[in-house]
Amino acid sequence: MQLRDTHVQRLKTEHFDVVIVGGGINGAASAAALAGKGVKVALIDRGDFSGETSQHSSNLVWGGIKYMESYDFALVRKLCKSRNHLIRSFPSTVQEIRFLTTVDKGFRHHPRTLWLGTWLYWLMGNAFTRLPRYLNPKGIKAREPIVDTGNAVGGFEYSDAYLHDNDARFVFNFVRTALDYGAAAANYVESRGASRQGGHWVVDGWDHQAQTSLRINASVLINASGPWVDDHNQRSGQVTEHHHAYSKGIHLIVPRLTDHHRVLAFFADDGRLFFAIPMGPRTCIGTTDTREQRPEVAVTDQDVSFVLDNINKRLTLERPLTRSDVIASRCGVRPLAVKASADGQRDFLQMSRKHAIDTSGEDRHISIFGGKLTDCVNVGEEIVAEVAALGVTIPDPDARWYGEPHADDRREFMHQARLLELDTMTPASSSEALSTRLWRRYGLSAFGMLDQIRRDRRQGELLIAGTEYLRCELEHAASKEMITRMDDFLRRRSKIALVVDHESLRDAPGLEEAARILFGDDAEQQLQEYFHTHRPAPRKLA
């Protein structure tokens, strides 16, 4: 963990222009934007980066079509433009995907009305994606035989986008970008509050790994604590215009339901959109929308029953899905930005994920409320503007801080991969060619992996059975990805824990070697702690 130790030492000894508390999508994008433009940045998170809300999304990058029903067209337009920009900027990672939506009898809108809405949605997105298409029940069945069309009156296809890798990986890449531009960042460093001293901020930090305290000094403090923004503001003496309401959402990961690469969309029993989303060898189904008073939540029996009941009603499977089919779950809260003066009368299910930024010029303090993955670049750019308004010099204001490397770099990588015959080494269990996956996940760092494989062909071998990870990827993760605990790798830098069931993972050949690469002499302890902490709950009969 040399990388982390180096950055913790920097946090203790340097003075920063900006310290960001919270390493979810808002904090990670803000850190990348500021560091990329030359600002001296510190980033901390009390757990791992993207360890809370940002690891529990649906992996969709979408324009918020559901907000059209509440006539929030300005938000839809903004999110569609953001989606398009992410597709252009991250073409290997953020990709267009078709949504096949089925509408049953008795729904509040006729499918043709909704189909016309998808045309408006398409136009609001600058006609960037493929055209929408209306489908009768027969057309739905022809495209996706597992959809139960017995009660359907029609449906439609339209396009949005999704993350090819998991959401937490996407977030971490912004953290890695910030590190590359000189930021100091450390996971498992908690802010227990902050105070103004001598004209600057002093964060009262706690290093959970070393079990020691530290003080972090900065001119500006950004509270990007996600669902805990209000808590941290209270500890730091900040009063803001906005605060958070909380909506719990869960997804269940089950065996792949269809080989067709599209999102199946329905309207659940409570009237909200409900999805079956491709996830490599698995399918992600959900979600729920339950109002909560606090952000600490867990999956309940009622949640699981709701998701399984709704999917089983809408698909004709060889046998209904039961609890025994659930490989993993995702559970978190959506932090919804609301004004402190709001009377709470707005329909909870219609509340949007739009972000809000509250700034105290006197205290040089910024709070980020709400937000979602789709809007991350906007958040980063807006935070740069807010920091500049607080008097911090932005050395390179026009620098681009996001996006994949240049297309010429990709062509050169693919050329070298062909000469190495890399794709002939693709494991039979892999869902795509090695060259494609390595470039998408690592960009320019993938050239170094080619060098490792040239020197030692074993570096191109599958290391952990049942996954897609090569030995050289583990070497890279150990040195570049600040993996502090086993869960950081299995759940966030990769999605192994989401697609491989608990018992298969425990017995997977190569897992112990992977742990040794990541943790050296602490490998056995890390594995024991992981499997003790992440023991699956007993499965009940459906």
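**Helices and cores in a predicted model**

Trainee: How far apart are the end C-alpha atoms of helix α3, and why does that agree with its 17 residues?

Mentor: Helices here are DSSP runs (H or I, at least four residues), numbered from the N terminus. The expected span is 1.5 Å times one less than the number of residues. Helix α3 (residues 73-89) has 17 residues, so it should span 24 Å, and its end C-alpha atoms agree at 24 Å.

Trainee: What kind of model is this, and which atoms count?

Mentor: This is a predicted model: local features need pLDDT of at least 70, side-chain atom pairs count only at pLDDT 80 or more, and totals for chains, interfaces and linings use all residues. Residues are numbered from 1 along each chain as its sequence is written, and side-chain values use heavy atoms, without hydrogens and water.

Trainee: At what angle do α10 and α11 pack?

Mentor: Axes are lines fitted to C-alpha atoms, for helices over the stretch in contact (heavy atoms within 4.5 Å). Angles run from 0 to 180 degrees between N-to-C directions. The axes of α10 (residues 407-419) and α11 (residues 434-442) lie 10 Å apart, at an angle of about 145°.

Trainee: Which residues of α11 make the contact with α10?

Mentor: From α10 come D409, R410, F413, M414 and A417. Their partners on α11 are S435, T436, L438 and W439.

Trainee: Which residues touch the most other members of the largest nonpolar core?

Mentor: A nonpolar core joins buried (under 20% relative accessible area, 1.4 Å probe, protein chains only) Ala, Val, Leu, Ile, Met, Phe, Trp, Tyr and Cys residues through side-chain atoms within 4.5 Å. The largest has 71 residues, and those touching the most other members are F275, M486, F489 and L490.

Trainee: How many residues are in the second, separate core?

Mentor: Its members include A32, I222, L390 and W401. The size of this second core is 49 residues.

Technical notes
Helix = DSSP H or I, 4+ residues; strand = E, 2+ residues; numbered from the N terminus. Buried < 20%, exposed > 50% of the residue type's maximum accessible area, 1.4 Å probe, protein only.
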